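Let us walk through this structure together, one part after another. Please have the sequence and the 3D view open as you read.

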Protein chains: 2
Amino acid sequence: MPMHLEDLQTPCLVLDRRILERNLARMSERMHRLGVSLRPHLKTAKSAEVARMAVAGESGGITVSTLAEAEYFADHGFRDILVAASQPPQKLDRASALLDRGVDLALITDDTDAARAIAAHRGRFKVLIELDSGDRRAGVRAEGDVLLEIARILGDRFAGVMTHAGHSYGCRDIECVRQVAANERATVVSAAERLSSNGIECGVVSVGSTPTMTHADNLDGVTEARPGVYMFQDLFQAEIGSCSRDDIAVTVLASVIGRNELENRFLLDAGALALSKDRSTQATPHDAGYGEVWDTECKPAYGDCRIERAYQEHGVAVSDSPIDFRRIAVGTKVRVAPNHACITAAAYDRYYVVDGGTEIIAEWDRVNGW
Amino acid sequence: MPMHLEDLQTPCLVLDRRILERNLARMSERMHRLGVSLRPHLKTAKSAEVARMAVAGESGGITVSTLAEAEYFADHGFRDILVAASQPPQKLDRASALLDRGVDLALITDDTDAARAIAAHRGRFKVLIELDSGDRRAGVRAEGDVLLEIARILGDRFAGVMTHAGHSYGCRDIECVRQVAANERATVVSAAERLSSNGIECGVVSVGSTPTMTHADNLDGVTEARPGVYMFQDLFQAEIGSCSRDDIAVTVLASVIGRNELENRFLLDAGALALSKDRSTQATPHDAGYGEVWDTECKPAYGDCRIERAYQEHGVAVSDSPIDFRRIAVGTKVRVAPNHACITAAAYDRYYVVDGGTEIIAEWDRVNGW
C-alpha cells in the first residue's frame, strides 16, 4: 500500500478520517438533541467503513439510493436498509432477494400503480409513502387523496411517510434553510396526522437533507433523519452554510501536467471524469468552477486557484491573482476540493484515507453502479 | 444474458452496433480521401470490441487518454498506442512497463522539464510535442523557441508533433469548424516545417477532433488524425453539425419511477450519475437539459421531452407540450440520448449492444478509472 500522498497515482480520491469523524459526531449530536434517530444516507460515501462509523451510537439503520448499494451494504452486514428512491416494479424480485437474506428492507413509493405492484409481490417489504415538501421532484401532497389511497393499497406493508427537502439546496442563507426545514417537518407530520385520523398509523416519519438537518431547530413528530453529504461536505455545502471549507473531508489528488506562466494557468490530470461536471457553486457567491485547488495539506496555497475548464482528462487551473509558479512544477501534487462530493466520489472505486496529514493510513472500497 | 431491452436492469448503457458501424465507415472513408491515417481515439468508447471495429482497414494504431486505457488495450492485443494527454513524470515507470511488454507507446509533452524527465528515463518512449492550435488548454506555440528546445531535449525520442483543436466545440456552424480545422492543420504543418528547417525531422504530424475531422477539406502535410466521439456521436455533436440525431449510437436505458400529470413531468431512475452533469447543449440552439428522452426504439415519442433536473439518482423529464401519459406508466422504459457521450459512458462498465432494434446481441466491457 502506498504510504504517502506523494506515492499515489493520480487522479485518486483522498478521504480525511479526522474531518469525517468530526462531521459525523456533529450531526449525530444534533439529531440526539432534536430527539430523532439518525439513519445516515450512504449514497455519498458508498463505503462500508464509513457506514460503520456513521451508525456508531445510532440504531444501525442506513439509507441508500440504489439496489446495488443495498446489496453491497447487506454483504457487509447491514440489516436495516431504506432504499430512498422509488424503484420500477421490474426490480422487486431483485429487492426481495435481500428480504430472503434477512435484510429488513424498506422501499418508498408515491404512485398507486407502483403501490399495487409492491402489495401484490411475494416480498413483504416495508413501504414508506414519499411526500413532496416543496422540491417538486417526487412525492404526493400531504393534503391530497392519493396519500390515503396508496396507504390503503399497501395495507400491512405500509410503514410510514418520508420526504426529502432537496429544495434546501436553493437557499443562500440559513434563515431560508430553517424555513425549508420547518416545511419539511410540517409536511410529514401533517401527513402522519391525516393518516392517523383515518385509522392508519405511521410508525416512521422520516425527513432529511444535510442543510435542513444542520439548521432545523424543531423536529417534533419526526422519528428519523436521513442526511448524507454531511459526512464529507463540499464547496457547495460550504457556500450555503452547512459547513466551512475546513469541514470538507474528501478531495481529489491530482498532478500538474503542464504550465503556462504567460497566461497565469496550469494544467492538471484531473478533468471532467475525475472531478465530475457538477457546477453547483456556479449560482453561489464563490463560483469554484469545477473545484478549488489546494496544496497537499489542504491549504489554498495557490491564491484563489480553481478549475475553470474541465476537459475529459484535463483540468485548467486559473486564478484572479498571479500564481506563484515557483511552487508549480510538472509533477507537483495538489488536492482539488469538489463542488459536490456525491457526484465527484462516484468516479472512484476506493478512498485513500489520511488522518489529518498526508500519510495514507488505509484504503477503503466503495460501491458504484446500479 | 438478457435478450431484450425490456429484460435489463436500469439504468444501463445501450450501444447500437448498426449506427456505430455507419459512423466508423464514414470517418474512415473521409480520412482515406484526405490521405491521412486514422488513429481513432478510444477515450470515448474505452472498449476493445469497439476499437477492433474502429481500426478495421486502418494501420491498427490507436489513441488513448490515460495509462489505464493503454494497459487495457495492451491486454487486448493493441501494440501501437498514443497516450494523447501529458503524464506527470511519476507515471513514467508505469508507462515503460508497457514498452517492456512490446507496446509501441508514444507520449506527448509541451514542457521542457517533463521532456528532460522523459529523455532521462530508461523507457525508450516515442514522444510527440503538443502544440496549441487555439484551444488554450495545452501545447506550445508553433512559432516559439520552446518547440525547438523541447525537440532538442528529446533527441532521438522525438517522433513528431500533434495538436487537438478542442475549440472547434465552440463553433456553431460548419464554416467556423472548417476555419478551426484549417488553423489546426496550419499549426502542426508550420511546426513540422520549422523543425525540419532546423534539421529535426517530424515523422508524425497529428491532428484531430471530431468536428474538425468531419469538416476539414484539406489535410495536406498531416500524417494522422485522432477523432474519438464520432464513433458514438451525441446531442452536442448533432447541435454543432458533426452528425444528425440519427447518428447517436449510445443511449442510457432508464425506467419511469414516478409521474406527475398535473405538472406535466415524470421521473426516471437515471439522474446525475447515470447521465452525468454535462450540459454541453446548454449553449446550443436546442438545450437538451441533461439528455433527450426517446422511446426504446429511439423515437422522440414523448414530444420534446428532456431531462430538466438531474439529482443523484433521479432525472426529472419535462416537455413544453403536453406529455401523453397513456404511454408513461411506472416501469416504462425509455432511452436517454446524452449531451456528451464520453462523459456519460464513463459511469458504466459495459455496453448492452443492439443492432438497430431492441434485441440484445452482445455485452461488451469498458475500462474506466485511471
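**Where the two chains meet**

Across the interface of chain B and chain A, the rule finds 10 salt bridges, a salt bridge being a side-chain nitrogen of Lys or Arg within 4 Å of a carboxyl oxygen of Asp or Glu. This is a predicted model, in which local features need pLDDT of at least 70 and side-chain atom pairs count only at pLDDT 80 or more, while totals for chains, interfaces and linings use all residues. Residues are numbered from 1 along each chain as its sequence is written, chains are lettered from A and ligands numbered from 1 in the order in which they are written, and side-chain values use heavy atoms, with hydrogens and water left out.

Side chains of opposite charge can pair when their charged atoms come close.

How many residues take part in the contact? Chain B brings 55 residues and chain A brings 54 residues, where contact means heavy atoms within 4.5 Å. Of the interface residues of chain B, 98% are also interface residues in chain A, so the copies meet through the same surface. The area buried between the chains is about 4600 Å², and carbon and sulfur atoms give 51% of it; buried area is the accessible area (1.4 Å probe) that two parts lose on being put together, summed over both. B:Arg137, B:Gln312 and B:Trp370 supply 17% of the area that chain B buries against chain A, more than any other three residues.

**How the copies are related**

A rotation of 180° with 0.0 Å of shift along its axis superposes chain B on chain A, with an RMSD of 0.0 Å. The two copies are thus related as by a two-fold rotation axis. In chain B, the C-alpha of B:Lys277 is nearest the axis, 2.6 Å from it. The superposition is by least squares on the C-alpha atoms of residues with pLDDT of at least 70 in both copies.

**Inside a chain**

Now turn to chain A, where an open sheet of 8 strands runs in the order β2-β9-β8-β7-β6-β5-β4-β3 with parallel pairing; two strands pair if DSSP finds at least two bridges between them. At the edges stand β2 (37-38) and β3 (62-64) of chain A, each with a single partner strand, so one side of each is left without a neighbour in the sheet. β3(A) pairs with β4 (residues 80-83) of chain A over 3 bridges, and the bridge partner of A:Ile62 in β4(A) is A:Ile81.

Finally, the structure holds 65 salt bridges over all chains. One of them joins A:Arg116 and A:Glu149 (3.7 Å, N to O). A:Arg116 lies in helix α5 and A:Glu149 in helix α6 of chain A, so the pair ties together parts that are 33 residues apart in sequence.

Conventions. Helices (H or I, at least four residues) and strands (E, at least two) are DSSP runs, numbered from the N terminus.
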